[in-house]
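Visitor: I'm new to this one. Could you walk me through it, one stop at a time?

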Amino acid sequence: MSDGSSDPTLPAGILDGDTAIGKRVPRESAKRLVAGRGRYVGDISLPRMLHLAFLRSPYAHAIIGDIDISAAAAVPGVTHVITGRQVAEVCAPLMGVAHHRPGHRSAPQHVMAVEKTCWQGEPVVAVLAESRAIAEDAAELIEVDWQDLPAVVDAADALSPDAPVLHAEMGDNLAFQFDVDTGDADAAFAAAHTVVEHDFRFDSQTPLTLEPRGLIADFDPSTGGITVHHSGQSPFQMQDILSENLGIPEHRVRVICPDVGGGFGLKVNVYGDEIAVAAISKIVGRPVRFLADRLESFVSDIHARDHVVTARMAVDADGAITAMEMDDLAALGAYGMARRFSVAEGMMAVTMMGAPYRFENYRARTRNVYVNKPLVGVYRGVGMPFACVAQEVLADKAAAALDMDPVAFRRQNYRRLDELPYTSPGGAKVDTASFAACLDKLTAAMDYDHLRAEQAELCGQGVWRGIGIATFIEQTAYGPPYYGPSLARISVQDGCTVKLEPSGKVRCITSITDQGQGTWTGIAQVVASSLGIPVDDVEIHAGDSATTPFGGGAWASRGMAIGGEAALKASLALRANILALAGAITQADPAKLALRAGEVVNMETGMASISLAEVGRVGYFRQDTLPGDFDVELTVTHNHAHNHQLYYTANGVQGAYVEVDIETGFIRLLGHWAVDDCGRIINPLMVDEQVRGGVVQGLGAALFEQCLYSEDGQLQNGTMADYLAPMAAEMPDIVVEHVETPEASTRLGAKGVGEAGTIGAIGVMWSAVNDALRPLGASIHHQPFTPERVLDALDRANAGSENGT
Amino acid sequence: MKAPDFSYVRPASLDEAIGLLVTHGESAVPLAGGQSLLTTLNMRLSAPELLVDISGLDELRGIDVDGGTVRIGALARHVDVATSPVVAEHLPLISEAMAHVAHVAIRNRGTFGGSLANADPAAELPACAVVLKATLVLAGPDGQREVAAGDFYQGLFETTRQGDELLVEVRVPVQPAGQLFAFEELSRRSGDFGIAGLAATGQLEDGGFADLRLAYLGCDDGPRLAAAVAAAVSGQGGPLDDRQIAEALRQDYEFSDVPGLSAATKVRLAAVLTRRALDRMRGAA
Ligand SMILES: Cc1cc2nc3c(=O)[nH]c(=O)nc-3n(C[C@H](O)[C@H](O)[C@H](O)COP(=O)(O)OP(=O)(O)OC[C@H]3O[C@@H](n4cnc5c(N)ncnc54)[C@H](O)[C@@H]3O)c2cc1C
């Protein structure tokens with residue numbers, strides 16, 4: 001009965017028939033949001049609600065002396081002025097260490113600073129007033145007796161013996177170190193025909209969601225419970241934290257995520273100021289709203305990707321990679337990130353280095369240090385871009401050294417399908433992959449040979465173009481073995497409830513959240529396909545820790561991969577129940593019935609026997625017509641987690657064509673191609689846009705975005721005018737194509753795709769720009785590639801050639 | 001951040017507007033398109049008590065040409081100037097520069113007069129006004145006075161406008177037929193303020209430049225004619241190289257480091273732009 005579906009346990013045609021799966025269904029919320037009917041935290045107002053503004057530390061590192069709040073408290077309209085010390089009395093500090101990472105250290109982080117501040121922007125005093133404007137007026141009047149301390153800003157300085165130490169109890173600033181030693185790297189490098197190396201610097205970035213962070217906390221002293229409206233990615237994580245840190249029983253904590261304007265990881269991190277808002281609501285017994293404005297977002301949102309990396313690659317005379325080496329130094333900001341462990345960036349960098357390629361000898365180290373800057377957290381791609389950048393730049397250099405075409409070099413060194421599954425020397429597990437198939441599709445899509453010819457021709461005319469190629473693996477949808485041992489209470493299972501309404505329409509209640517990705521549309525497609533109904537007949541409800549199944553929410557490219565599978569399980573179970581009920585109503589054998597176009601159909605005759613609406617009517621209103629012992633179950637919940645699966649491995653290859661103006665250092669993006677394999681594609685429209693959006697964020701990282709700090713730890717470009725986000729005019733056309741290798745461990749076969757674009761785009765820009773500079777003897781080492789850095793790279797090359805080196 | 005508390009008034013006539021500025025003195029500021037002013041309020045960089053919204057003063061609108069002079073009302077919006085056939089025909093330098101002024105949404109509100117009055121050293125239009133010998137017409141309690149653009153700019157966001165004066169219109173001499181001109185700018189993203197740029201006009205005589213007027217943006221604290229560059233370029237037989245141009249630029253302007261961009265790079269970029277502008281002018285001759 002399977003019509004080509006790979007899984008005979010699935011009813012015919014669900015995955016590959018003419019159903020909603022695989023269709024370009026537009027995002028369900030698009031029309032509503034464009035119509036202005038979005039409901040974000042900022043749109044919600046509760047009776048007796050107070051508005052909160054923080055006084056944040058103006059210093060990167062300072063002792064907090066006396067705090068004089070008298071002038072602020074006297075401002076008309078101000079109701080409370082609350083210090084970090086008062087909040088600490090009702091709220092336990094956060095602790096960001098992973099228990100499964102020996103040696104990982106941090107210090108307790110008060111949700112608002114108590115005795116000293118460790119970054120410019122750390123919250124110190126909260127002002128509550130009738131309006132945010134009044135609260136801001138009053139916050140300006142607070143006087144704090146600051147005792148400024150020396151600050152450490154660069155990772156490279158943090159381990160020096162005379163560096164200021166952030167957390168005295170730790171003795172130094174080393175948060176964590178991890179070493180990898182596989183095979184015999186020394187011997188392999190010694191025996192190599194050619195060794196290439198490169199050093200890399202990445203300026204820190206911040207994710208920049210369109211809607212800044214915000215929440216309304218409403219503690220009810222009469223019940224001892226709290227309801228929180230939160231612009232977040234995981235209501236469940238927030239529920240758990242509030243319960244733990246505020247000592248409120250979990251079933252009395254309800255977290256609702258209304259419409260959320262962008263996440264990118266930013267909103268799954270744990271923010272002291274947000275926990276403080278809940279604690280303050282508990283202190284004052286009134287609803288309290290805090291909406292971060294853009295300026296405070298820059299100094300309080302997570303930062304990311306503050307790394308210095310050196311890496312080497314050894315190859316033999318035939319162009320086979322024999323060894324790699326990576327040394328990563330990462331700044332983590334002021335504290336370990338509670339639950340999300342900022343060490344993830346470095347860990348991913350060293351484990352994933354070179355993972356698409358065949359090689360056996362590997363040495364790597366990541367060292368993570370605390371500095372006086374905002375906390376580092378998980379941001380789209382996390383540490384995967386470092387591995388991609390390092391391996392791809394080295395692949396290009398090795399190919400150049402051997403006079404090989406970089407595409408041929410990659411193809412030769414890719415792991416073949418018959419090597420799957422494998423574990424890379426860094427420890428990355430790869431079950432399914434399609435490197436060569438992606439590369440073939442990419443080179444065809446970009447007309448690689450033509451671009452190479454054009455590049456060579458223009459080079460002779462003084463036009464400097466570069467072609468980049470970057471292969472990457474995206475670890476998606478992390479499973480229980482990943483977070484479980486860390487003892488972090490992070491749920492990697494997700495649940496889905498599907499409910500037949502009496503009219504035959506369906507409600508789907510999922511623990512997956514959606515900040516604009518379109519995952520809910522994809523989940524609705526899975527439900528619709530499974531039940532043989534139009535997508536429009538499915539309504540999604542989500543984002544409420546009290547009413548949905550418990551789950552993870554949105555992060556790590558997991559929504560479709562895990563939430564889609566849970567939806568499939570639940571829908572298939574509901575389907576079986578519906579058919580059983582239809583069988584009871586029509587006195588037919590349920591095994592001979594199917595669901596199609598809103599009707600129960602007899603598979604043998606192909607005739608519709610009864611509509612879903614009739615099933616609903618009888619199931620809910622006319623049980624009297626059913627056999628006495630027949631149980632009607634038209635609401636079904638299922639969960640999904642693959643207990644022993646670390647993650648689902650997605651992969652892809654990107655290509656880029658750029659032109660460098662060697663007089664100005666400006667880089668023009670001429671074309672961008674992405675071939676991605678995220679397993680089964682439920683909604684090609686959403687997947688393509690995920691890839692494109694991700695690519696743009698990666699191009700932002702490579703070319704524009706940087707948090708610029710002064711030596712004393714002051715952010716110097718914390719506005720949207722000075723921190724350059726990528727904008728449409730500079731973006732190239734982005735061609736997206738796919739290879740589909742379904743995830744083997746699930747029936748749906750979907751893998752994640754949220755981070756692919758970003759990982760590959762960062763890698764491919766390093767490849768492309770260095771390719772353009774190569775004939776000039778120059779290379780670039782510091783991201784973003786600002787005009788000044790490009791010019792400096794050219795100057796270094798010129799100075800080198802003048803000196804005869 | 002939220003703007004500090006302020007009062008708002010939208011006068012119906014120029015006299016009323018000036019009267020308000022006189023009465024309230026330092027604590028009142030004119031509000032035109034608001035595209036610069038409101039940002040400074042929201043970032044709490046300034047805290048005026050009264051905003052005098054001049055957008056209802058229709059006499060400050062309009063673009064027309066009368067003999068040898070183009071009159072651009074202070075309230076002409078960027079979008080009006082950018083699409084004006086009068087400007088395209090008679091002030092092609094400004095037409096060229098407009099492509100670099102902000103993004104569409106901002107151009108729909110931001111005004112020509114607001115940009116000139118604001119005196120942002122990175123703005124395009126003040127540099128054009130200086131090069132094109134524009135005259136700024138200011139109305140105050142004692143009537144109107146005229147100030148040459150070259151005298152108007154006094155430094156970072158500073159002009160000779162008194163607090164109780166309004167810029168009402170700008171008179172720009174029609175660019176003579178055959179005049180060479182170019183506008184060049186580098187900005188990281190289209191629509192951003194430039195990191196360096198210049199407006200240039202001149203003639204070519206006997207293979208060399210004459211009457212060369214160059215004013216730069218993003219290079220110092222305001223638009224001023226770059227006399228040393230003009231002299232160096234005019235005096236020279238063949239084209240100067242970038243190093244020579246940079247040397248002259250350093251005599252004209254004081255370049256300073258900003259986060260992410262050193263003074264040295266800025267001079268270098270300004271020199272490249274200068275060469276490109278002059279090459280284009282030569283090519284057009
Ligand atoms: C994101 C962004 C990008 C931008 N990019 C650019 C750019 O690339 N190039 C550029 O040139 N500009 C740019 N701008 C600024 C924009 O052009 C502004 O419109 C312009 O600088 C000010 O015009 P306005 O009418 O908005 O003036 P307002 O903001 O209303 O006023 C600015 C100042 O001028 C004073 N003022 C205004 N009109 C008068 C008048 N008639 N008489 C006396 N004083 C007056 C006000 O009191 C205030 O001090 C940008 C703005 C933004 C927000």
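Visitor: How many of the 9 residues of α10(A) are buried?
Guide: This is a predicted model, so everything here is computed from it. In α10(A), the buried residues include A:A344, A:E345, A:G346 and A:M347. A:M348, A:A349, A:V350, A:T351 and A:M352 of α10(A) are buried as well. The helix α10(A) is mostly covered, and its buried count is 9 of 9.

Visitor: Which residue just after α10(A) takes a positive phi?
Guide: Helix α10 of chain A covers residues 344-352. Just after α10(A) there's a residue with a positive phi of about 75°, and that one is A:G354.

Visitor: What is the strand order of the open sheet of 6 strands in chain A?
Guide: The pairing in this open sheet is mixed. Its edge strands, each pairing on one side only, are β7 (174-182) and β29 (782-783) of chain A. Reading across the sheet, the order is β7-β15-β14-β13-β8-β29.

Visitor: What angle does the direction of α10(A) make with that of β15(A)?
Guide: Helix α10(A) packs on that sheet, where it touches β7, β13 (307-315), β14 (321-331) and β15 of chain A. Compared with the direction of β15(A), that of α10(A) makes an angle of about 170°.

Visitor: Which residue of β15(A) is the bridge partner of A:F176?
Guide: Strand β7(A) is joined to β15 (residues 361-369) of chain A by 8 bridges, and the two run antiparallel. Across that pairing, A:F176 has its bridge partner in β15(A), namely A:N368.

Visitor: Is A:N770 buried or exposed?
Guide: You'll find A:N770 in helix α20 (residues 756-773) of chain A. Beyond its neighbours within four places in sequence, A:N770 is in contact with A:H198, A:V393, A:S779 and A:I780. Its relative accessibility is 5%, and because the cut-off for that class is under 20%, A:N770 counts as buried.

Visitor: And A:E130: is that one buried or exposed?
Guide: A:E130 sits in the loop between β5 (123-129) and α4 (132-139) of chain A. Leaving out neighbours within four places in sequence, its contacts are A:H51 and A:G77. The relative accessible area of A:E130 is 57%, and since the cut-off is over 50%, this residue is exposed.

Visitor: How far apart are the C-alpha atoms of A:E130 and A:V492?
Guide: Along the chain, A:E130 and A:V492 are 362 residues apart.

Visitor: What class does the accessibility of A:M95 put it in?
Guide: A:M95 is in the loop between α3 (84-90) and β4 (116-117) of chain A. Setting aside neighbours within four places in sequence, it is in contact with A:S106, A:A107, A:P108 and A:A338. Its relative accessibility is 38%, and because that falls between the 20% and 50% cut-offs, A:M95 counts as partly exposed.

Visitor: Which term describes how α7(A) lies to α8(A)?
Guide: Helices α7 (residues 235-246) and α8 (residues 272-284) of chain A pack with their axes 11 Å apart, at an angle of about 55°. Because of that angle, α7(A) is to α8(A) oblique.

Visitor: How many residues in the contact of α7(A) with α8(A) are nonpolar?
Guide: On the α7(A) side the contact is made by A:M238, A:I241, A:L242, A:N245 and A:L246. On the α8(A) side it's A:E274, A:I275, A:A278, A:A279 and A:K282. These divide into 1 polar, 2 charged and, as the nonpolar count, 7.

Visitor: Which residue has a positive phi in the turn between β22(A) and β23(A)?
Guide: Strands β22 (residues 593-596) and β23 (residues 599-602) of chain A run antiparallel, joined by 4 bridges. In this pairing A:A594 stands opposite A:V601. The hairpin has 2 residues between the strands, and the one with a positive phi of about 50° is A:A597.

Visitor: Which residue of β24(A) is the bridge partner of A:V601?
Guide: Strand β23(A) is also joined to β24 (residues 608-611) of chain A, by 3 bridges in an antiparallel run. That hairpin has 5 residues between its strands, with A:G606 in the turn at a positive phi of about 75°. In β24(A), the partner of A:V601 is A:A608.

Technical notes. Residues numbered from 1 in each chain as written. Chains lettered and ligands numbered in written order. Predicted model: local features only at pLDDT ≥ 70, side-chain atom pairs only at ≥ 80, totals over all residues. Heavy atoms only, no water. Axes fitted to C-alpha atoms, helices over the stretch in contact; angles between N-to-C directions. Parallel < 35°, antiparallel > 145°, perpendicular 65-115°, else oblique. Contact = heavy atoms within 4.5 Å. Nonpolar A, V, L, I, M, F, W, Y, C, P; charged D, E, K, R; others polar. Buried < 20%, exposed > 50% of the residue type's maximum accessible area, 1.4 Å probe, protein only. Pairing = 2+ DSSP bridges.
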